[in-house]
Amino acid sequence: MEPNKVVAVKPKLSNLQIFNMSAGFFGIQFGFALQNGNASRILQTFGADVEHLSLFWLAAPLTGMIVQPIIGYYSDRTWNRFGRRRPYFLVGAILTAIALILMPNAGAMASFLPPIIIGAGMLMIMDASINVAMEPFRALVGDKLPESQRSFGFSMQTFLIGAGAISGSWLPYIFSAYLGASKVAAAGQVPNNVIYSFYAGAAILLGTILWTVLNTKEYPPEEMALYHAAEAETEEQKGVLSILTDFSNMPLTMKQLGLVQFFSWFSLFSMWVFTTPAIAQHIYKVLPGDTSSVKFADAGNWVGILFGVYNGVSALYALVLPSIARATSRKIAHAFSLLAGGAGLLSIYFISNPDHLIYSMIGIGLAWGSILSMPYAILSSAIPARKMGVYMGIFNFFITMPQIVNGLFGGLIVKKFYHGEAIYAIVLAGIFMILGAISVLYIRNAKEK
């Protein structure tokens with residue numbers, strides 16, 4: 001940097017401004033929660049076997065691995081009248097809304113292709129679209145907020161993620177219990193309470209993304225250059241293939257976080273894929289292959305409620321997590337949270353009363369709240385601002401890879417080693433979450449704030 005070059009300091013934003021720039025995450029997670037709580041149920045309805053569910057869920061990490069670094073790369077280099085990150089929010093929201101409407105109606109398109117293929121295709125489109133919208137939100141925190149506000153910025157996103165997930169997870173139950181929509185349907189058909197929930201999710205996702213687009217201004221390139229004038233400018237390879245160079249030159253902190261992310265997201269993937277069949281079999285005593293009984297419907301609806309509970313816990317926890325991190329460190333706060341999540345997952349095996357599963361969700365909620373904020377808060381201090389988007393996208397590799405590994409082998413393990421008893425996949429998830437907590441403590445050279 002030239003000796004007389006002035007480096008401007010980013011102004012602090014008000015709580016309302018930070019809320020506005022993150023509001024779209026409420027809608028994204030609303031749709032994501034509907035997917036997490038109901039995709040396995042929908043795919044089983046269309047004929048998927050429990051041991052094959054993880055293969056269908058591979059759509060999420062595969063699309064994320066490809067889409068997020070590319071979107072990050074191009075959003076770093078985009079500037080038009082809509083801004084830098086906001087155009088990607090909007091396009092992703094529109095595509096996700098279309099997929100939310102079509103996925104539960106895959107049976108109506110059976111004249112073209114088998115419903116299971118259409119359902120899996122919609123799952124892939126939904127995942128790709130959510131990734132288009134989600135990645136720039138992470139980068140926007142780094143763009144807009146000074147270092148002193150980043151933990152709070154990511155925690156605000158976590159709060160809105162939790163609030164959106166509660167709403168999305170509980171909506172099928174609300175439609176059936178209070179709005180008269182049927183919770184059961186003929187074999188091969190999705191119940192109306194799930195279909196109506198997906199319609200509502202599409203509308204809410206679009207509305208909240210528009211709120212962020214219309215109420216958030218981004219710093220133009222000239223102003224961003226003033227805020228980061230101290231960063232060394234280097235000659236760069238042009239084109240999207242430079243992502244490979246950035247990947248090979250990733251900061252040490254990012255590499256150290258990779259093992260933590262592997263254990264954490266392997267665990268989460270198992271939970272999302274196998275919780276419904278695990279609880280249906282282990283607690284509701286539903287027979288294998290039964291996807292149309294009242295007991296299976298009750299198990300599926302209760303899983304939605306439970307997922308809402310852990311997301312609610314994560315939303316509240318996000319409000320106090322920055323204070324915990326300041327009092328200890330980001331590493332200690334994250335390790336404690338993952339340990340609580342592991343205990344919550346392991347406890348499911350020992351529960352016979354469905355109501356008691358709420359206690360398990362408390363620990364899982366602490367882990368989820370920290371997973372959504374602490375790794376990004378640690379990472380954002382270790383990467384150059386001019387590459388915030390691409391490195392946030394590359395960091396997604398450490399989220400998608402464990403899910404791909406789980407997707408390829410998780411169902412096979414359930415079939416061959418667990419003899420179709422999905423509860424043991426949840427036990428393994430608890431063990432992996434605890435290993436993640438241990439590995440956090442080995443992170444070095446992370447800039448603590």
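Predicted model: local features only at pLDDT ≥ 70, side-chain atom pairs only at ≥ 80, totals over all residues.
The domain assignment divides the protein into domain 1, covering residues 9–230, and domain 2, covering residues 245–448. The C-alpha centres of these two domains are 18 Å apart. In the contact between them, domain 1 takes part with 55 residues and domain 2 with 57 residues.

In soluble globular proteins, nonpolar side chains tend to be buried together. The surroundings of Trp368 can be followed in some detail. Leaving aside residues up to four places away in sequence, Trp368 touches Trp265, Leu268, Trp272, Tyr310, Asn311 and Ser314, along with Gln29 and Ile161. Gln29 itself belongs to helix 2, which spans residues 24–45. With a relative accessible area of 4%, Gln29 is buried, because residues under 20% are classed that way. Besides Trp368, Gln29 touches Ile161, Gly164 and Ala165, again not counting residues up to four places away in sequence.

Charged side chains give another view of how the chain is joined up. The structure contains four salt bridges. In one of them, the side chains of Asp143 and Arg84 meet with N and O 3.3 Å apart. Asp143 is part of helix 6 (residues 115–144), while Arg84 sits in the loop between helix 4 (59–76) and helix 5, so this pair ties together parts that are 59 residues apart in sequence. Asp143 and Arg84 are both buried. The pair also belongs to a network of salt bridges that links Arg84, Arg85 and Asp143.

The loop that holds Arg84 is also the place of Thr78. Thr78 has a relative accessible area of 17% and is therefore buried. Arg84 is one of the residues that Thr78 touches, together with Gly83 and Tyr88, when residues up to four places away in sequence are not counted.

A further salt bridge joins the side chains of Arg86 and Glu218, with an N to O distance of 3.3 Å. Arg86 lies in helix 5 and Glu218 in the loop between helix 8 and helix 9 (221–227), so the bridge ties together parts that are 132 residues apart in sequence. Both partners are covered by the protein: Arg86 is buried at a relative accessible area of 12%, and Glu218 is buried at 8%.

Lys183 and Asp298 form another salt bridge, and their closest N and O atoms are 2.8 Å apart. Here the partners come from the loop between helix 7 (147–177) and helix 8, which holds Lys183, and from helix 12 (residues 294–327), which holds Asp298, so parts 115 residues apart in sequence are tied together. Lys183 is partly exposed, with a relative accessible area of 30%. Asp298 is partly exposed as well, at 26%.

The surface has a feature of its own. Val91, Ile94, Leu95, Ile98, Ile101, Leu102, Tyr196 and Tyr199 make up a nonpolar patch there, and their accessible area together is about 650 Å². Helix 5 (86–102) and helix 8 (192–215) each contribute at least two residues to the patch. Helix 5 gives the most, with six residues. Val91 is one of the patch residues and is located in helix 5. At a relative accessible area of 46%, Val91 is partly exposed.

Most residues other than glycine have a negative phi. Lys285 is not a glycine, yet its phi is positive, at about 60°. Lys285 is found in the loop between helix 11 (252–282) and helix 12. With 55% relative accessibility, Lys285 counts as exposed, because the cut-off for that class is over 50%.

Technical notes:
Residues numbered from 1 in each chain as written. Heavy atoms only, no water. Patch = residues over 30% accessible without salt bridge, like charges linked within 9 Å, V, L, I, M, F, W, Y side chains within 5 Å. Areas by Shrake-Rupley, 256 points an atom, 1.4 Å probe, with all protein chains shown as cover. Helix = DSSP H or I, 4+ residues; strand = E, 2+ residues; numbered from the N terminus. Buried < 20%, exposed > 50% of the residue type's maximum accessible area, 1.4 Å probe, protein only. Contact = heavy atoms within 4.5 Å. Domains from an automatic or database assignment.
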